[in-house]
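Subject: Structure for your helix packing work

Hello,

The structure is below. My notes on helix packing and the surface follow it.

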Amino acid sequence: MTVHHPAESLAIDYPTLGDFGHDPIWLIVVKAVAVFAFLVANPLVAILLERKIMARMQSRLGPNRVGPKGILQSVADGVKLALKEGIIPSGVDKVIYLLAPIIAVVPAVMAFAVIPFGPMVSVFGHQTPLQLTDLPVGVLYVLAVTSVGVYGIVLAGWSSGSTYPLLGGLRSTAQVISYEIAMGLTFAAVFLDAGTMSTSGIVAAQEHHWYILLLLPSFVIYAISMVGETNRAPFDLPEAEGELVGGFHTEYSSLKFAMFMLAEYINMVTVSALATTLFLGGWQAPWPLSAFDWANSGWWPIVWFTLKVWAFLFVFIWLRTSLPRLRYDQFMNLGWKVLIPISLGWVMVVAIIRASIGGDNADLIRALVSAGAGLVVTGLIAYAIWRLMRIPDLPDDTAEPGSPTPDRDPMAGGFPVPPMPGRLIRPENPPVPSDTSEDPTASRETTDA
């Protein structure tokens with residue numbers, strides 16, 4: 001058997017690139033079916049738990065009628081969508097209209113091919129890694145495949161022949177381009193520290209320290225970017241029901257609409273699994289369980305991997321329940337003016353630390369310096385986001401109750417804002433009182449009238 005990465009004290013059998021490509025066909029098929037089943041089962045559970053958790057947070061009951069405690073609600077939703085009539089509006093580009101949902105789903109499933117679920121295990125006498133395959137540039141493969149999924153959204157909006165879906169598709173294009181740049185820069189910091197781009201190698205490099213500790217700014221920026229990549233609240237601007245009716249999938253119904261929803265939830269699982277792989281040690285057991293040999297061997301790592309993925313899915317639900325949707329200009333400013341510049345600067349900091357520290361105990365010193373620098377940069381990220389999102393200072397409330405607040409320009413900042421109760425609006429061209437009136441109160445009475 002191949003000699004694997006270190007961890008001799010715990011005897012963890014880390015896969016290497018040489019362990020892939022030797023499985024028999026039947027084992028490859030079994031692993032592919034298992035990955036697909038994992039991707040289909042997670043959205044079914046996530047849809048139910050999302051509605052349950054949101055109801056709990058909002059003091060509601062949530063689904064409780066279909067099955068015991070409402071546990072069959074996701075199945076009922078799927079059956080309902082399957083039995084609905086599939087309406088194709090007139091004026092659509094039919095070929096692209098039907099192809100768009102497929103383009104949205106397939107890349108989301110393909111991205112999971114390089115995600116590691118566990119170490120080397122024995123399956124009917126065959127030693128195989130708990131991973132479908134791996135590449136020397138495995139993480140870049142995930143980034144490339146998931147970026148193809150945006151074509152499904154763009155083409156769905158364009159082929160519908162309607163204004164609002166087109167706007168949703170254009171928003172998604174700008175959104176994905178903006179946040180994939182920041183996401184790619186977070187990958188660069190991980191590559192520099194791990195010395196590899198393969199997903200199995202990155203997991204092995206986190207044997208002693210997870211990268212959430214050493215590369216905290218990369219984790220924070222990736223966590224923000226993955227919410228933008230998946231079009232989830234508060235970054236669900238391509239859908240934006242309040243202003244775009246439903247966005248890019250307004251003209252879709254039945255199974256075609258269900259495929260878009262499936263793609264969204266599979267993408268959530270994919271970005272959560274990638275975050276687990278890059279920053280939370282992948283399938284490795286958390287401390288203190290990592291001190292036991294059994295925790296990182298056999299089939300147990302699948303449990304730790306799934307729990308970490310679901311921790312991210314819970315945060316997705318939490319954000320949707322808690323935060324309002326951002327304005328589009330706020331969202332784009334966050335990506336281009338905060339995340340991308342800080343990501344680029346952080347990559348340079350990591351490269352300098354890796355190149356300048358050597359000698360005895362170099363790994364420990366680099367880890368400590370990276371952790372300290374990471375805390376400083378994370379504080380900078382928090383401050384920049386606060387400055388970007390903060391609400392302007394309001395006038396002090398020293399006036400008597402019922403008296404109007406000072407005048408305000410409703411067009412300040414470039415966005416028309418309706419007045420709050422009791423607040424006066426200063427018009428751009430105030431009326432000029434007439435000089436012909438002898439009564440000084442006449443102009444005021446005329447204005448009031």
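Helix α8 (residues 216-229) packs against helix α11 (residues 300-322) at an angle of about 60 degrees, and their axes are 11 Å apart. Axes are lines fitted to C-alpha atoms, for helices over the stretch in contact, with angles from 0 to 180 degrees between N-to-C directions. That angle makes α8 oblique to α11 (under 35 degrees is roughly parallel, over 145 roughly antiparallel, 65 to 115 roughly perpendicular, the rest oblique). F219, M226 and V227 of α8 meet F312, F316 and L319 of α11, where contact means heavy atoms within 4.5 Å.

This is a predicted model: local features need pLDDT of at least 70, side-chain atom pairs count only at pLDDT 80 or more, and totals for chains, interfaces and linings use all residues. Residues are numbered from 1 along each chain as its sequence is written, and side-chain values use heavy atoms, leaving out hydrogens and water.

α8 also packs with α5, at about 150 degrees and with axes 9 Å apart. That makes α5 roughly antiparallel to α8. The contact includes Y179, M183 and F187 of α5 and I221, Y222 and M226 of α8.

Helix α5 (residues 163-194) also gives the most to a nonpolar patch, with 4 residues. Helices are DSSP runs of H or I, at least four residues, numbered from the N terminus. W158, Y164, L166, L167, L170 and V245 make this surface patch of about 590 Å². Its residues have over 30% relative accessible area and no salt bridge, and nonpolar side chains (Val, Leu, Ile, Met, Phe, Trp, Tyr) are joined within 5 Å. Areas come from the Shrake-Rupley method with a 1.4 Å probe; for residues, only the protein chains shown count as cover. A salt bridge is a side-chain nitrogen of Lys or Arg within 4 Å of a carboxyl oxygen of Asp or Glu.

Regards

Notes:
Patches are made of residues with over 30% relative accessible area and no salt bridge: like charges are joined within 9 Å, nonpolar side chains (Val, Leu, Ile, Met, Phe, Trp, Tyr) within 5 Å. Helices (H or I, at least four residues) and strands (E, at least two) are DSSP runs, numbered from the N terminus.
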